[in-house]
Every structure is written in C-alpha cells, then in structure tokens.
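Work through the exercises below with the model open beside the text. Try each task before reading its solution.

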Amino acid sequence: MPRRQFIKDLQKTQSEALPLGVHDVEQGEDDGQFTFTFSGTPAAPFLEAVKITALVPDLDEYPKNHTYMLFSSDDAPQYIGAALNDVRGMSRKSVFELIDIVSARLARVTPDKDGDTEMPDSQTLDEDQLEDEDEDDIYDSDHEAFGGMGDPVPPTRQGPTTAGKVSAAGGAFRRRIRSDLRAAKQSGFKVGQLGLLLDGLNCYLTISIRASKLGISGAAMQAWQIRPNEYLILIIQYPNGYKTAEELQDLDSLRLAPNIGFRVCASKRYKPTLQEAIKAFTVIQKTEGRDSLAASTNSIPAPEAEPEEGGLRETFISKPLNGLLQERLVQILRYRGVGMGWQGAEEWFLEVASNGPSGADQVPDACFEPEPPNEALPPIVNDDHYLARAGKHGLERSFPLLAMQFLLRHFVRCTDFCLVCHRKLTTEVEAIKPYVCDQPLCLYQYMTLGFGPSIEHEILAQPYVVDLLISFCYASATGGKLKDYPDGLALMIPPINPAGSAAAAHGYYSQPNTAPLQQGQNSASADCNVYDVGFDKDRLELIFFEKPAQCPVRRGSWILLRTQSGLEGLEMHCRVADVNYYPTITLDPPIALAPLASVPDNVLAKASSTGTPKKAITPAPTPNWATASFQIYQQDFEELSKSEKCLAICKLLDTLPTVKAMQEYLAKKRPSDLKSWVERISPAALSLLRWIIASNRACIMQVDGDGASQTQDRMSGMNGYMQFRFAMGAPDKEQRFMTEVRKTTTRLTLAHPTIFAWHGSPLPNWHMIIREGLHYQNTDHGRAYGHGVYHAKDAMTSLGYAGRQYYPIDGNRAGQGAWPQSVLRISSALALNEIVNAPEEFVSCNPFYVVQHLDWIQTRYLFVQCVPLDERLKGCLDRESSPTSAHPQDPKRTPSGISNKKIVIPASAIKSGRGTGEDSSSGGRKLTKVSKWQSPFKRLKGSGGFSDPIAIEDDGSASDTTDTEDVELLIEEPEILVDEPRNDSSATSVMKPLEANDTDFIPGTLDYKTLPLMPTPTYAISNTTKRLLKELQNLQTVQQTTPTSSLGWSLDIPKTENVYQWLVQLHSFHLLNPTLPLVTDMRKTKLHSIVLEIRFNKDFPYTPPYIRVVRPRFQTFAQGGGGHIVAGGAMCMELLTNSGWSSVSSMESVLMQVRLAIASEPFARLDLRSKGDYGTGEAAEGYMRACRAHGWVVPEGFAEMAYGMGKGA
C-alpha cells in the first residue's frame, strides 16, 4: 500500500543517520506530511535552525509517481524560501532522498565562515532555464545513479568534516576543482567538463588521452578494436555535484552510487557531447541478446559498431572496467592511504572481499612493496599521482587523475588481469587479447554478462577467421591436444557414447579400453534416459508408445533422435517446437549426422547440408510412425572425462552450420544475433562457439577473401595458400621486439635489422599456439639442435612438420580430424615470423634457426593450406601478385616459399621496416633523450625505450581543438584578498578585487615599423589563401565577441597586409596566474605584451605555422628560462612540427596553446640585461636545433618560409 510504504520509509529515515545538518525528522499532522530541521553545516552553520515541511499531495501515487511540496517556517531567512522554490528533481524520490536533496541545496546557498555569501543571480539558473520536472526523464528515481526506485540509499554517518570537504559553489570549492583538473592536465591528459561543474550541481568530467600515446602495438589496437587517432575517455558523473577524493572516501559503499558514476568510452573527440554523456549513463535491459540472462547495456554504440563521425562508443572492455571503477576504486584508494601501492591495495581488496575484513596488523608486508614499473610502457601509463604527492604539503589528491591512472593500469595492461574478478593472472602465457582466470565462475560470468567479443560481429566481418578457429579447435579435440575446456559454462550436451557414437565412427579419436555399449545401455558419463517413440518424418512429430506421467521435454529442449530403420546409427539433433498435444510433440527440422563409413555419398551430401532442412532426412519410405528413440540434452559437460569432453566438443561442432550460412543468416536478420536462430543452433553449440572465439588470444586478420580490408598486405611466393595477418604475445610484445632489434642493430651495425623464417606445426597444435604463443616447453619432433623455437629457411621444410593432409585435393568429403562444415577445408598451417638478424647468436643456425630468446621473435603471417568450397576464393588464392612496395630483406637470408620462390613481403605489414631509430607508435619519430629542462610528462625514454612526447595543451596532437570553456576551467579565477580584521570589527581593509576586464594592454598601439620582421612572402596558393582568410575571419569574430583580457591575445587584422604573415600580441598573463615570474618581469620592464611573428608555408594547413618571439628577449634554458622559448626566440613545441601538427587545427586553438605553453613550467623569464629584439636568422637556427634535439620533423619548405629569399636575407 502507498501509505504503508511512506510510513515505512519515514520510520527508516528516523532510525538511521541523517545528512549533515538535518535533525528531528517527524511525521506531520496530515497524511503524507513530515517535517525536519536544518541547522547548516560545520562550514556554514545557522544561527537558528530552520524547520522545513514536506508534503506529498497525493499519497496514492507514492512511491512511483509522486511529487513533493516544500515549505519553510515564517521566520526563516528569505534565501531559504527562494532555495526551496528552486529545488528540482523531487519527483519519485523517497523520504531520505528528498531530505538529502533539500539539505544539499540549502548548504549551497548558505553563507559560510569565509564570508562567501549567497550566490548572485548571474551564477544561478533562472526557473525558465530549467527543464520542467515532468519532462525530465534522465534522473528519475529508478536511474542507476540514485540506487533504484523505491529503495532509499542508507546515509553516511555524521561526523566532523575532512580536509577535503569544501563548500559547494564557494570560492574554495572552485579552487579545489581547478587544482584537481590542473593536476590531470599537467600529467598529460585532456580535461573536459559538461554540465554545471563550478555551480556544484549535476555534471560530467572527462579525462582523455589519445590511444596512440599508450604504448599499445598496432596489432593490439586491431585486436582491441580501437584506432590510434581515437581518444580513450573516462567520463565521471557527479549527480550531486563534484566530490573530492577525501569526500568520496568518507562515503560508505551504499552512498557512492548516488554520488559518482564511471563510463569508459572511445571517440575521435576528446570529450563527448552532453547528449552522448547522458546516453552513456542510460542503462537499458537487453532481454533478447546473446546470453541466456538479461544483460544491461548502454545506449551508445558497441565497440564493433561504427558511430557517427567522431561519435562516442564503448571500448572492447568497457563493461568490466565500468564495474571495476564503480565497485572498487574508492575502497582501493582508502587502502592506498595507509601506504599500499596499486597492486598491494588491489590484492588486499580481494582478500577482504573473499575472507572478510581483517585487522591492519594482519595485512601482509607484500601489500606494501612497491610495484616495479613496466619499462616497455610510456611514463604516462606508469605514473602514480599518489606517490607523486607523497611527502608534499597537504593531503589533497586529484580524484579524476587517480581514476584515470587506475583506468590506464587496467586498460593498457588488460591482459595481465582477469576480466571478471580483476585478479592479476599468474600464468606465464602472453596474449594480445584479455581473458579470464582459471576459475569456472569467471568464465561463466565472462560469457553470460556479455564481456566477451561479439561473435556476430566476427562472423560478419571475418568469416574465414571464425572458420579457421573452429577448424583448429576441432583438429585439437580429435588429436587429443586440448589443454583447456569450456568448463563453467553449464553446458548441457547430448549423451556421449565413446565407442558407439558418431564421433567414434569417424575414426579420428579412439579409446583403447572402451567397449561398445549395448542397446539401451548408457555410458557412465552419460546417465541419460532413453525414450522409445514413434517418428513421423513428414509431420516432424514424435509420439510416446508408453506415455510417461509427465512430459520429459518442454518447448525449446534439444534432443538426440535415432531411428531404428533405414540407416543404422543415423543421429538427428532436434529442437522441441511444441508440447501442447502431449503425448505427441512437434519438432523443428532436424540436423542429421551420420557415420562416414556407412553412408552413401548422395545421402552424406544431404546429411551435411549447411542450411536449415525443410524436412526430416530419412533413407527410404517408411510407415508414418517409424520406430525411434531419443535422449535429452541433459548431460553435464563438466562431469565427463577429458576424452569424453573432446568427443562432446566434436559432436557439438558437427551440429553447427557453416560459417557462411551463419553470415548469410545474420546479414538477413540484422540487427539480430545467433541466439535467435533457435531451430538451427543449440544453446550448447552456441556457447561452445562463443568460447572458441572469445578464448582466442591472438590477433588474426583476413588478408584474402570477402570482407578483407587489407588486400595490400598480401605477400607473394605462396600461391594456393590463404593468408592472414598474425600477431601474438602481450600488448607490449611489439615494443620489446623493437627494443631488441634496435639494440642488436646498434651492437652489430646491421644493414638489415631482421630476417624472416617459417615455423610449421601439426594442425592439432594450433588451437593452443594461438592461446599460449610460441614457446619450446613441449617437444613434438625432438630437439636435435638444442632448445628453442625452430624455424626453417624454406616453406617446404616447415610443411613437412605441419602434419598430414585432411582433405583430398579434388574430393568433397572431410577426412580424419577435419571439421565437416568448414568452407575452407584446412589441411595444414604454418607461420612466417620476423626474427632479430643475429643467427650467429642463435642456439643453432644450420640447418634450422633455433631461437632461444622469445623477445627476438614476432609473428607476422599465418598461411593456411586449404581446398575452399568457394571457387572465387580458390581462384583468388591461385593468383600471384607482388606488393607495390616491398620490405627490404637480407639478400643472403631471404626465405623461400612454395616451389622455392623467394617471398616478397609488403612494406606496410612490417613495423621494423621504418628504421631502427623509429617507433611505429610515435609516428616514425627518432628516439632520443631530451635535456633535463623538459617537463616530466614530455620526457622521452632513450636507448630503446618508449617515445611519447606530450605537448602542453593538446596531447602532442592538435587534431581536436580544446573547447574554450575547458581551457578557462584550468585558469585560476581572481581572488579577493582580505586583510586580517582589526580590533574594530566594523572596519575591514579590503583590497580591490581584480576584475575580469582589468588589463593594462591596449590594442592597436603596436608600432610595426620598429619590429625586425622576416621578408614578406612572395608565394600565394589559392587553397592556402582561402584557408588563411577563413582563419582571419574566425579570429575577428572571436575578438569582437570576447573581452580583450579574457582572450589573452590580440591580432590587428586591418594592419595584416599579407595573409601569410601575422603579428600577434600575447598579454594579460596575470589572469592566468598572478604569481608567474613572467608577470613580475613584465611589470618591472613596463611591458604590456609579447609580440609574435607567425609565418605560414604555402602548404598550410598540411604543414604547421612557424611562430617566433620578436620582442622582448627571454632567458635561454641554460640561463634558467623556459616557457618553450628556445635561444633565438622560436617556439619549441611538437605541435608546431610535422610530428605533432594536424591539418584540422584552428589558429585560435594554436594561439591559446602557445600562450599556455609560455605560462607553463619551466617558467619563462625575461632577459632583463638585453634590451634588443630577436633577429630572424637566430630564431630559425634555434627552431631547427630544437627539432633535431627532440627528433621532430622539420616542415618541408621551412627554409623558404623562415629565410625568405635565402639565409642572408
């Protein structure tokens, strides 16, 4: 009853701890009425408590559709009544939730001890600016941020405020926000805001970084479905206003959900739109998905989807990371507060979650041991804000920065952790894709909660890769090579008869000590009842001759049906379609499987039909009710022996349609999934298929066939073989391999850093190879030449080790160990690996390369010998085509392909082909060590480490302009300085506040004739001129609509005589930070601006502009200067080189970034001893020296742009 629920909620609120400042919650005189008193917060106490009355006008609508009316006592201050009128979001809230909302609103408008008074009208939203409450369908009471409809969230206990507690919307509150966000910015991340962040209301914060800066190999990005130019974005939602790290740690677990939320996404923009952010936190229930359980998902596109240009989408592991951040981050930060590192805090969290909380004295010392950094990863991934703040004044730490660093730890190193329990994996297996630990429950949740890859996307995009994976698994099962099984998935399968089943009849898996079972007898591992029935093949009906008391099956059950006439042993797997007319039940069209030895070819062709048969398959005309028997799919897979599990896997895979048939079904039924094909694929077979695809931890990409997107990667010299791009190992494996290549090339002075060689292995081994990687723990063919990974110099040698043929060249029938439904019909496989070119240092180099160092090996291609059913594909494989650009190989060690032809490898497929001094992840930049003056988050790791310079404002890449509101968010607002009060309390000395428009800069006063400028450009290109005119028009609009002081730069457009040469003045640095040394120096010298000359090349916007300081002169870095101004006056920023420039950058963004760069550490200082201006020649020389020092690419045509008619000009 509504009234009963209201009374229950009210009593519960009275019995528990209340929000700060709330007391005396009592039931009112009328139905649906209650009162409470509010005395303020410790930071802003009331002189006299205020009584608030809340009334539910229609109690019958409680708790699903009700609203509230609020009243204050007559003697309450006027601003209290105004604040109550402005309270929004009261619909469908419980009693406690309403009290929490009202108290938070009153706390924000109450004058505090620091003298902050009620916010002026300009800082609050007018009532007509707010959406009507009835139209707000985003944050209603059943939104996840409020903990669910009708379920009040238990409050936190009252207590003293912490050091991190700040008054919402006050000056200290805004300063703390800016401090936290600047910490994230200074660490190399981009920061964005959406909503009413500085007003202490509902808002979103975004912390992002470009994927190319995370040290992830190109192969890993392909496997993870993320693009190098995309941003990895962490969206943090604050439904009740921004909370500091200290405030969040003071909340118990039940109070966290209403106050914070996390989403991990990817986008081409550094932050989403407000609508996208709302969609990311809008949870919908997926009831008809790929899982047997209803799964929750977001309304933004899935990782495999192609969103609109720049749109927001999920990453491949967004779901597990969202849960990890929401459920564990704050508690882990509490453990970090007592001295634990990330790893120790996570391990202790799992220990407490498993065994209950323990005393601090029981925490093992290992939890306090520091975790060594991964040297193969860039510094921004290894950085730890918690350690960086250790020992510094104050305990304040930036929660957004800590959250992002925790996210990067689990995103970049996702293969080191279980995707479900997030426990660090102890296996030595390196994989390029993340997976789960060996706990069956984790595997079950991984599949049922939708954490795994979308098999529908894989089938649509890469059908031949799926065919390959199934064929590998089938061959491994028949060969007894499986090590891991799909345990934990609750697979219910048909009964297994090892000696009498169709699998045994194939002859591909034998058990020496198993005797055939007699009729009616079941295997000990398959304790399933046998039901004798009559089968009508025309009507697809069964009738029970001896009717059981209760129907043993239900609609949707799968059965194994055997007929006892015609073909003996014919198995038909059917789904029960209808049981309403029991003892007669109706079946869906059966899937017929038959032993090969006893079935004629013409019947076999029908039995192996890939589509859904229209009628039951029967050998010959029979009476309407043919004698038959069936068993139900009720054998528990986990109860079987290993050999029986192999047989069960083969039998389930036999029932699958071909991959092409599944692709055609999905293409016709979009947006459907395979689970909806209920009459053709059993749940057990579908779960097994998902396990095969999800457990693949290598990156395999189609080169041949339909749907292949990289035909330019096809290699020549291997006619008749299907090619796949192939990568294995951890995400940093490519970086470790490149490091070894660089070291060896330098040490041995190699002209060709790497060589290529073949590795062949029997088909049953490949299922485990693509999961474990190449190693030499097992011995299949002996080790006559030592321990290591064996490689052959020609393909024919490796084919001898790749095993026997499974398909005849011209036949249509599957042979031993081959998946009958394969459209590729694979017979053997071998890999082409790239190896460090140091054969003399191998264990052996003749007749085989025996490589003992696994980091010296990187897989590149997988070649599959097959007899495809598709004639077009077969013809494509037989055609020879040479790459347009070949990778240079060592002529003495070039491997041979089929028929002793030398192979030709496309240059685009090989990372090492870009040179030993370059790194693919850094866009071909040379790896050098920079000087000590560079800021920490731009440091380059030399000697083979990771190269990841980050520009001050735009992450080293200006392809996405930072919004003005986000730049202004990082600028400290002017403070009002108040002297200490004298004994006379009525007199207070107040310094004049610095107004937003208070600047000493006056536009239009610069005398151009006194400036030493470069020669006027004589070139003019039509497209470039149009772009520059458009930029000038945009800057003119900005200057006309923005206060001069807020802008911080000035361009006198009427005096700009040549669009290729601009003069810009930077000013008002005191509004960025009044304590800057540059501000002091400019006041001493009575300077009001810094004059810049900007020159554009004829190729702009495809090459960056050249920016130099004309006046005044600055101290060099050797003299203690900074601000990214090198000797000579040129601006030293990667953004202004080809390495960091993007053609979509706007000049407004460039000017903003240059101004912030000058104001960043190490701080710029004026050269007070020198009064002259910079010359044109010294600036150009300084610019090129800086580019050489950093390994940055000088723009083409720079000399013509910088020197005009020549160096002497």
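**Exercise 1. The whole chain**

What does the accessible surface of the protein chain come to, and what percentage of it belongs to carbon and sulfur atoms?

Solution. The model is predicted, so local features need pLDDT of at least 70 and side-chain atom pairs count only at pLDDT 80 or more, while totals for chains, interfaces and linings use all residues. Residues are numbered from 1 along each chain as its sequence is written, and side-chain values use heavy atoms, with hydrogens and water left out.

Step 1. The accessible surface of the protein chain is about 51700 Å², and 50% of it belongs to carbon and sulfur atoms. Such areas come from the Shrake-Rupley method with a 1.4 Å probe; for residues, only the protein chains shown count as cover.

Step 2. Of the 1209 residues, 56% count as buried. Buried means under 20% relative accessible area, exposed over 50%, and partly exposed in between (1.4 Å probe, protein chains only).

Step 3. The chain has 32 helices and 33 strands. These are DSSP runs numbered from the N terminus: helices are H or I with at least four residues, strands are E with at least two.

**Exercise 2. Two cis peptide bonds**

Locate the prolines that follow the cis bonds from Phe 1100 and from Arg 1111.

Solution. Step 1. The bond from Phe 1100 to Pro 1101 is cis, with omega near 10°. Pro 1101 lies in the loop between E32 and E33.

Step 1. The bond from Arg 1111 to Pro 1112 is cis, with omega near -5°. Pro 1112 is in the loop between E33 and helix H30 (1147-1158).

**Exercise 3. Positive phi**

Is Arg 825 buried or exposed? Is Lys 1086 buried or exposed?

Solution. Step 1. Arg 825, a residue other than glycine, has a positive phi near 55°. Its place is the loop between helix H24 (795-801) and strand E25 (826-836). Arg 825 counts as buried because its relative accessibility is 5%.

Step 1. Lys 1086 is not a glycine either, and its phi is about 55°. Lys 1086 lies in the loop between helix H29 (1077-1084) and E32. Its relative accessibility is 69%, so Lys 1086 counts as exposed.

**Exercise 4. Two crossing helices**

At what angle do the axes of helices H14 and H21 cross?

Solution. Step 1. The axes of helix H14 (residues 440-448) and helix H21 (residues 683-694) come within 11 Å and cross at roughly 100°.

Step 1. H14 is therefore roughly perpendicular to H21. Angles under 35 degrees count as roughly parallel, over 145 as roughly antiparallel, 65 to 115 as roughly perpendicular, and the rest as oblique.

Step 2. Leu 443, Tyr 446 and Met 447 in H14 meet Arg 690, Trp 691 and Ala 694 in H21.

Terms used: Axes are lines fitted to C-alpha atoms, for helices over the stretch in contact, and angles run from 0 to 180 degrees between N-to-C directions. Contact means heavy atoms within 4.5 Å.
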